[in-house]
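Hi,

Here is the model I promised to pass on.

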Amino acid sequence: MAKVEFSNVKKFENFLYLCGKCGDCSLAVKIATSKSPLSHPCAVKNVLGYEAYDARGRLIILKNLLSDKLEVNEEVLDWAYTCTTCGACRETCLAVEGGIDTPSIMEALRRDLVSQGFRFEKHLSILENIKNLDNPYGEPKEERLSFLGEELSNIPEKADIVYFIGCTSSYRTKEIALAAIKFLKQFKKEFAVLRDETCCGSILLRYGYVNEAKEQAERLVKKLNEMNVKTVIFTCPGCYRTFKKDYPEILGRDLGFETLHLVEFLDTYLKDKNIVFEAKNDEIVTYHDPCHLGRHLDVYEAPRNIIKRIKDIKLIEMETIKNFAHCCGAGGGVKSTFPDLALKVARNRIDEALEVNASILLSACPFCKLNLKQAADNGLKVLDIAEFLVETQVHEVVEVAPKTVEVVEISPGKRLMDYLNGHVEIFKGLRVGCKFNYEIVDWKTQEPKLKFYVMVLESGERPKIKISMGAADNPDVTIIISEPAAEKLVKCEERSEYAEAFGNFFNEPTEEEFIDVILHRSTKELMRMGYGEFAREAGLI
Amino acid sequence: MNEDVMRPVVEELESIVGSENVSSSKIIRLSYSEDASPFHARIPGLIVRPTETLEVSQILRLANEYLVPVVPAGGRSGICGACLPRVPNAIVLDLTRMDNIVEIDEDSQTVTVQAGLRWAELIYKLSKLGYKVGFRGPFGGNAGTVGGSLSSNSVGCGSAKWGSSGDSVVSLEVVLPTGEILRTGSGWNPLAKKFARYATFNDLTGLFIGDHGILGVKTEATLKIYPLPEGKVFGDFGFNSIEAASKAMYEIQKKKLAEELVLMADRHTVSSYAPQLAEKYPEVESVLAVIIEEASEEIAEAKKKLLEKIVREHGGFFIGTFFSRLHWSEMFNVVQPLFEEGYWYNTCHLRPITMFPELIRKAHEIFKKHGVDKNPEITWVASGLGIDRCHCTGWITLFLKNPEKKHILEKVWSDLRKVIIETGGVPYWTGLLWEEYVLPRVHYGFFDLLKKIKRTLDPNNILHPLVFGL
Ligand SMILES: Cc1cc2nc3c(=O)[nH]c(=O)nc-3n(C[C@H](O)[C@H](O)[C@H](O)COP(=O)(O)OP(=O)(O)OC[C@H]3O[C@@H](n4cnc5c(N)ncnc54)[C@H](O)[C@@H]3O)c2cc1C
Ligand code: SF4
Ligand code: SF4
């Protein structure tokens, strides 16, 4: 076969070199040894079994391709499209800051293959569909919004907020779009739906057809800019990621509008409102983090906050969650290229849900829903969060005291929260964007009594910070403080005294007064982010 | 690969393990052609993924029939090229599917696991039941398997108290190169539990530990377990010289105080792990991170007092608990962040603690000789881990940032390995990393016996040929 130029892959040569081949990206289980919800991260390797399908194997194969020890043939082409680009390997990898970016390298390889004529028949027909019908499914373009029926006339054509439905919910998971529309309306937001919405081009990018995707991007962004749109809301994390991450990259400019997933919109909207949802039945639900929403865009807490608002529903987490959640198997073009593989991957995820005795598996992605639902043949219900809210809740929103009121009582945790708000000099030295969780725990049971997190908005002598309830999306560190230790910390008058007390609780813990720290990044990375200054002052290092 | 020769083998293998667990695909074979070392050997001919002892036995019988070499592989996290085939067309046995816990025997306080189980998963599963193993696995225990570690004399987490990986073993189930299945220790008696290693006959278990997969395929291992500790103490101590730190380490080990004991050997190492700390304590040359784990808080506290006394007597001082705690809470994640420094080249071996400072001195001479101390494109970390009684690991790992400087790195790496052997060091795992340095020095009688054993157990030289030059 012809010689292939790997100009895109070559941009990542340093990653190929720095992989120390430790094998963590497919074999690690870090639940007990580093308190991380991570087990056998590569969902594809977990099905296909062989090393070639995990990041370490992929990097070895890529090195062979680059050095011409391996020629591109059909086998290589197939292999290139077996990665869901889920990013679990990257989260697991500690070799470089942010982990070795195997998903991007696999996408680079696809770009190289496509640009040099290595193409899948299947992909070409999808390309044609997008070109001619504005959707990859081959459905008539004029029927895109027909599922809305009469409802469409009640939705404006123009507004500051646009709900971008996406191809999958327009043709395959209409129930999600209907639910989203219901909530957007219910919460009295004026929003529009594009009458001539087209495919965002996500699948084209995942296949490696950048130029074709760019055309889609240009057209859509131009239209939204012309309409002076301020916010675009998505229910499809695939579209959302494409808008938020890929468009600015391929267009080389800022989009000029904000992008949000419905769960983020709802979470923010509901935050200060007295609104709760009531379930029809007591149920155990669990939540599957869609890769494009979680790992790719760091949205982990919003969907959980919404689920926790539903009365009588118990949210039980699966063994692998958040940034370490197993992929459902549908992403990265795998569902359309290798549907059997996608389904097998989904079965493993279903098993995880069944292991925690969930009766409902929730997600926030039409693509995950379709794939997981197809795999769940054993009584487990698979629903999108929006749909669950619509289907199983008393439809009227009841005005009662919100659940979050409980935590406003003056507990040691709350006192510490207030104290930190007033003593921002404690966070001196931290870079903008640092975020870390606090868990204030009962010293006897070690159960968390209050969780909050700090985000650094501006650095400086007296940094600007934001303290919020709950846990941060993708935090750098989690600080666990016993209530008696928190009681003492709030009595410290200045930073040095606070640091010293903090260090003592860490270094010389007693049964009642202790501090523990869980690092979610390597110490090197944390030093670069500025955590060293406090750690040093506190005598931690 | 010679397809015609292999076809009947492939068909029979498929009937043993199922067609989805046999692969001759080029990309799949390539993906098994490396481990975590920089070495390259032969590309495997076939990859086979068994799940049971019986399958392994059938595969080995078949291999003898067709005279096809077989190479056992675990997590392939080895850093000496041990699991890479030295001959063409070998069947690589990927044993990672053999990852079940077979039995937890509370009567004899043992766990029996399949050999392909990784340490991190074993620790997780045991912790749910309130148990731990003594030796917890090498620092690469996320991917390292029990079988791979036992086959290569791994040392690592928990070694200060519990010794090398082999010291935890009560009994092994091994498939011999010709396919027979052997159970060692009290396992010789089919009616007995596997509770004692040294019983009735000589210790056949030891024959297979550290064999680098040449004498048999380990399929199960029975390991000792212990209740999770009630008392834990962490401490990091600074010393102004490597000599003082090593003496303290020696005394701590002599009294058997620690579960884990890590020595960051020079300022360069302390700075790369903890630049802030190096800055804060300009006089600190070496850091000793100590972890005590005991059945009760009282015992742990009593040991802590003894520990502090020893540290004081050797001029050391307390500098916090961060490193020891981090080391323990990130048990198998401490090495990987160093990959950022460049590709890694190891010199792992064992030596008495008292001979550790000499190694560091000589290493610095070598760095100076080749200008590494002034070359930011090659860097190193030097550390030691307390093992068993009074020996330790010598861990000098080189990192090559710029591949164009490989010629310098090769010289440093080679000089280090020579010096290590010359100063009485012994590698724990051997592989392509060490054979060249080790084999010429092996006592004739030792090697001759090893050869005879290999020939007796593996008359067709099926299992991992050419390892140790056999
Ligand atoms: C980040 C990192 C840190 C490390 N730290 C340490 C450390 O602290 N201490 C240490 O000792 N090592 C360390 N290592 C090296 C490696 O992790 C260990 O040596 C580990 O025990 C190897 O296990 P494995 O399953 O990966 O073996 P492999 O590399 O797959 O194989 C090792 C050898 O065992 C043989 N083998 C494997 N399984 C079997 C079996 N079931 N039966 C017979 N033979 C078999 C192979 O043929 C080969 O000869 C580290 C590696 C990494 C990547
Ligand atoms: S990609 Fe990262 S986790 Fe995977 S083998 Fe390489 S260094 Fe290890
Ligand atoms: S991106 Fe996902 S599927 Fe691809 S190698 Fe990494 S973990 Fe596996």
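Below are my notes on the two ligand sites and the interface between the chains.

Some housekeeping: this is a predicted model, with local features needing pLDDT of at least 70 and side-chain atom pairs counting only at pLDDT 80 or more, while totals for chains, interfaces and linings use all residues. Residues are numbered from 1 along each chain as its sequence is written, chains are lettered from A and ligands numbered from 1 in the order in which they are written, and side-chain values use heavy atoms, with hydrogens and water left out.

Ligand 1 first. Chains A and B both put residues around ligand 1, so that site is shared between chains. There are 37 residues around ligand 1 (a heavy atom within 4 Å), and the nearest are B:P72, B:T145, B:S149, B:S154 and B:V155. For polar contacts (N or O atoms within 3.5 Å; within protein, one must be able to donate a hydrogen and the other to accept it, and residues adjacent in sequence count only if both atoms are side-chain atoms), a polar backbone atom of B:G74 sits 2.7 Å from an oxygen of ligand 1. A side-chain N or O atom of B:S151 is 3.0 Å from a ligand 1 nitrogen. Of the 960 Å² that ligand 1 exposes when taken alone, the protein buries 98% (Shrake-Rupley, 1.4 Å probe; for residues, only the protein chains shown count as cover).

Now the interface. In chain B, 62 residues are in contact (heavy atoms within 4.5 Å) with 55 of chain A. About 5,100 Å² is buried between the two chains (accessible area lost on being put together, 1.4 Å probe, summed over both), with 57% from carbon and sulfur atoms. The rule finds nine salt bridges across it (a Lys or Arg side-chain nitrogen within 4 Å of an Asp or Glu carboxyl oxygen). A:K524 pairs with B:E340 in a salt bridge, their closest N and O atoms 3.8 Å apart. On the side of chain B that touches chain A, α12(B) has the largest share, six residues.

Cheers

Technical notes. Helix = DSSP H or I, 4+ residues; strand = E, 2+ residues; numbered from the N terminus.
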